[in-house]
Amino acid sequence: MISFTVTALVFGVVFLAELPDKTALAGLVLGTRYRASYVFAGVAAAFALHVALAVAAGSVLTLLPQQLVHALTGVLFLGGAAMLLMKKDEDEEEIRKPEDQSFWKVSGAGFMLILVAEFGDLTQIMTANLAARYDDPLSVGLGAVLALWAVAGLGIVGGKALMKRVPLKLITQIAAMLMLGLGVWSLWEAIAG
């Protein structure tokens, strides 16, 4: 039986924690380049897998040293920033034609990006904590996955709307700078912690 109270509580906590995170940023960048439904399919599948792993693991993920989690997150952010900054300039008209991209290629890219970037993320650890605390894996899992899907959807849709007004190159540079800042901050937390 699903508890609406637990599901709503988990949704609120995970949604607010994930909103300023890299997921919305990744969804925004992918949403500017590819068909939104293809991106969302891959991202949604990756989040479902992450939530399943977090719920199954329960509190085990919290036993990892916080410094290690911060260091890994920092390295992933820096890697993502480097990939964005070193990417060759592409013709914006070519990027704006999502029909040139196959479902499996686009959804696979979204899946892999989220799968790697979100592993050991704060919301995954929070989901594991909530699953352990409430001992209600179905309600916790449902609330967490719906929150993550909502944030991803907002990022993807926002990316499409933003693309109509702002050049892709600028969006990519801003995303890279934000990821660079988050990477440095995460590594600082790993060293300072």
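1. Contacts along the chain. Residues 24 or more positions apart make up 95% of the contacts in the protein chain with a separation of 6 or more. The model is a predicted one. Two C-alpha pairs illustrate the point about sequence and space. Ile 156 and Gly 31 stand 125 residues apart along the chain, yet their C-alpha atoms are separated by 4.4 Å. Leu 148 and Ala 44 are 104 residues apart in sequence, with 8.0 Å between their C-alpha atoms.

2. Overall make-up. The protein chain has nine helices and zero strands. Read from the N terminus, its elements run α-α-α-α-α-α-α-α-α. The chain has 193 residues, and 44% of them count as buried.

3. Helix 3 against helix 6. Helix 3 covers residues 36-57 and helix 6 covers residues 103-117. Their axes come within 7 Å and cross at roughly 35°. The crossing is right-handed. From helix 3, the contact uses Tyr 38, Val 39, Ala 41, Gly 42, Val 43, Ala 45, Ala 46, Phe 47, Leu 49 and His 50. From helix 6, it uses Phe 103, Val 106, Ser 107, Gly 110, Phe 111, Ile 114 and Leu 115. By class, the residues of this contact are 13 nonpolar, four polar and no charged.

4. The cavity. How many cavities of 30 Å³ or more does the count give? The count comes to one. The largest cavity has a volume of about 60 Å³. Its lining consists of Phe 47, His 50, Val 51, Ala 54, Glu 118, Thr 123, Gln 124, Thr 127 and Leu 148. Helix 3 and helix 7 each supply at least two residues of that lining. The largest share, four residues, comes from helix 3. The lining divides into four nonpolar, four polar and one charged. Phe 47 and His 50 line the cavity, and Phe 47 and His 50 also take part in the contact of helix 3 with helix 6.

5. Thr 127 lies in helix 7, residues 122-134. Is Thr 127 buried or exposed? Thr 127 counts as buried because its relative accessibility is 1%, and the cut-off for buried is under 20%. Beyond its neighbours within four places in sequence, Thr 127 touches Val 14, Val 51, Ala 54, Val 55, Val 140 and Ala 144. Val 51 and Ala 54 also belong to the cavity lining.

6. Leu 148, another lining residue. Leu 148 is placed in helix 8. Its relative accessible area is 4%, so Leu 148 is buried. Leaving aside neighbours within four places in sequence, the contacts of Leu 148 are Val 14, Glu 18, Phe 47, Val 51 and Thr 123. Phe 47, Val 51 and Thr 123 are among the residues that line the cavity. Val 14 is in contact with Leu 148 and is also in contact with Thr 127.

7. Helix 8 spans residues 137-163 and contains Ile 156. Ile 156 is buried, because its relative accessible area is 2%. Which residues does Ile 156 contact, leaving aside its neighbours within four places in sequence? They are Gly 27, Leu 28, Gly 31, Ala 36, Val 39 and Phe 40.

Note on methods
Residues numbered from 1 in each chain as written. Predicted model: local features only at pLDDT ≥ 70, side-chain atom pairs only at ≥ 80, totals over all residues. Heavy atoms only, no water. Axes fitted to C-alpha atoms, helices over the stretch in contact; angles between N-to-C directions. Left-handed = near helix turned anticlockwise from the far one by under 90°. Contact = heavy atoms within 4.5 Å. Nonpolar A, V, L, I, M, F, W, Y, C, P; charged D, E, K, R; others polar. Buried < 20%, exposed > 50% of the residue type's maximum accessible area, 1.4 Å probe, protein only. 1 Å grid on protein atoms, 1.4 Å probe; cavity = no way out; pocket = protein on both sides within 12 Å on 5 of 7 lines; lining within 4 Å. Points joined across faces, edges and corners; volume = space filled by probe spheres on them.
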